[in-house]
Amino acid sequence: MFAKFETLANMRAAMAENGLDPVSVVIERMHSATMADINGRRTILAGTNNYLGLTFHPQCLQAAQQALMTEGSGTTGSRMANGNYAAHMALEQELADFYGVSSAIVFSTGYQANLALLSVLAGAEDAVLLDADCHASIYDGCKLGNAEIVRFRHNDPASLEKRLQRLAERGVKTLIVTEGIYSMLGDRSPLKEIVELKKKYGAYLMIDEAHSMGVLGENGRGLAEEAGVEDDVDFIVGTFSKSLGSIGGFCVSRWPELENVRAAMRPYIFTASPSPSAIATTRATLKLLRDGAELREQLWKNAHQLYQGLEDLGYNLGPVVSPVIPVILQESRQVVIEFWRKLLDRGVYVNLVLPPASPGDYCLLRCSISAAHSSAQIADMVNAFASLSNQGFVQARTG
Amino acid sequence: MASYEESLTQLYGILEPYTNDLDALEANTDLVEGLGLSSLKIMSLLLDIEDSFDVSIPLNKLPDIRTIGDMARQIQALQDNS
């Protein structure tokens, strides 16, 4: 039974050679949205996806505490079997209002939202056309369903159109799936071009705004808002575990028929509903996000500071400035793991991403920046990278 | 539409950049075990094959494709149905 896991176990053992196993990091104590103790050392958290830095906001903590005291620690069951809490319904209405649409469904995680929706939206006679760099939850949701699954080249409208043409010739109904900001490289979908193609071929469009909600758009609604195409997007999926500083996921739609989908999604039906404190936190942070123009401004200022600092050191970075800033390294896994470990020793915790989790045949030291990072913290992050490149540990490069 | 043999020859050309062992490019060679392609490489290869043959290969078909010959047969079946 366990023999098939030996390859994974060996890979993990190799990663742990000469020091800390990268998948076993323990955060011993949190000090703030951007600072924690790891290995007994005060450490800057530079890979949290906590874009607006709201996890310690007094209004969120107060809302969570109140919900905990009045509604208990958990719901202990699914909404369809055990009932909806009024707060679940209120959050769905607030999300629908925020996006200006008719329908919203809340899920227990963002992963589950994609899993549930993609397992049923496109049926056995339909197709899903997804960007090749879509998140694992999108692939997994497709795998759970019966639709034909075809990929198009990342951010390549010409590649998408070829595949739309082939499906249209067969009269297949198609759901296009793309993301706002891609989680690994920080780049954005060419959404206007994709919307044009969606309209030309009569397809449906779903966009996952997990990393762009709260980050893009005048009101923080994401890439669809920024690109001015919200009326042409059929389904927006998002998460509460990034800008909203909680846990959970959602889908909103301009189609009232979304409500008919609710009772068809097994990952929704057979999962315990979000806890009262998670819902209360999300309702509080959604208000802060909506009124969060200053937070977004600070976030982008911080993103520019980190990107510029790392670029000046000659590191190969993601293609655009974004709150997701990956340092792209062609060195061997062991060298990159050692680099990651030395950053941690210097008090900076970033995400270590190795193939196949990275989008190509390279490793990433993925940084994500927060509005809550101070300028001094960002300078410390850059200095940590600088100290290692100055040692010739990894050859920094230009271009 | 290309014959099975022509499809194989075209596939060998697409596969060349993916392997150092050109002698392994035969119909019965397993893409993963024979050519040592990682899951990431398989996904990249799939897009190259789709562009070269002007056909969409659904991910649902992947469990049926183990060898280069399986891939050639799958491409033919998809072209027949288009």
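Hi everyone, let's start with a link between two chains: A:D361 and B:K41 form a salt bridge, with their closest N and O atoms 3.3 Å apart. By salt bridge I mean a side-chain nitrogen of Lys or Arg within 4 Å of a carboxyl oxygen of Asp or Glu. A:D361 sits in the loop between β13 and β14 of chain A, while B:K41 belongs to helix α2 (residues 39–53) of chain B, so this pair joins two chains. Helices (H or I, at least four residues) and strands (E, at least two) are DSSP runs, numbered from the N terminus. A:D361 is exposed, at 52% relative accessible area, and B:K41 is partly exposed, at 30%. Here buried means under 20% relative accessible area, exposed means over 50%, and partly exposed is in between, with a 1.4 Å probe and protein chains only.

A quick word on the ground rules. This is a predicted model, where local features need pLDDT of at least 70 and side-chain atom pairs count only at pLDDT 80 or more, while totals for chains, interfaces and linings use all residues. Residues are numbered from 1 along each chain as its sequence is written, chains are lettered from A and ligands numbered from 1 in the order in which they are written, and side-chain values use heavy atoms, leaving out hydrogens and water.

Back to the salt bridges: how many does the structure hold over all chains? There are 25. A network of them links A:R153, A:K162, A:R163, B:D48, B:E50 and B:D51.

Within chain A, the side chains of A:D234 and A:R254 meet in a salt bridge at 2.9 Å, N to O. A:D234 is in the loop between α9 (223–227) and β9 (235–239), and A:R254 is in the loop between β10 (249–253) and α10 (258–262), so the pair ties together parts of chain A that are 20 residues apart in sequence. A:D234 counts as buried at 1% relative accessibility, whereas A:R254 is partly exposed at 35%.

Chain B has an example too: B:R66 pairs with B:D30 in a salt bridge, the closest N and O atoms being 3.0 Å apart. B:R66 lies in the loop between α2 and α3 (68–81), and B:D30 in the loop between α1 (4–15) and α2, so here parts of chain B that are 36 residues apart in sequence are tied together. B:R66 is partly exposed at 48%, and B:D30 is buried at 14%.

Now for the domains of chain A. Domain 1 covers 3–52 + 293–390 and domain 2 covers 58–290, with bounds from an automatic or database domain assignment. Each domain gives 21 residues to the contact, where contact means heavy atoms within 4.5 Å. Together they bury about 1,600 Å², with carbon and sulfur atoms giving 59%; buried area is the accessible area (1.4 Å probe) that two parts lose on being put together, summed over both. How many salt bridges are there between domain 1 and domain 2 of chain A? The count is zero.

Let me finish with some backbone details. The peptide bond from A:P355 to A:P356 is cis, with omega near 10°, and A:P356 is in the loop between β13 (351–353) and β14 of chain A. A:N39 has a positive phi, near 55°, in the loop between β2 (35–38) and β3 (41–45) of chain A. A:N49 also has a positive phi, of about 65°, although it is not a glycine.
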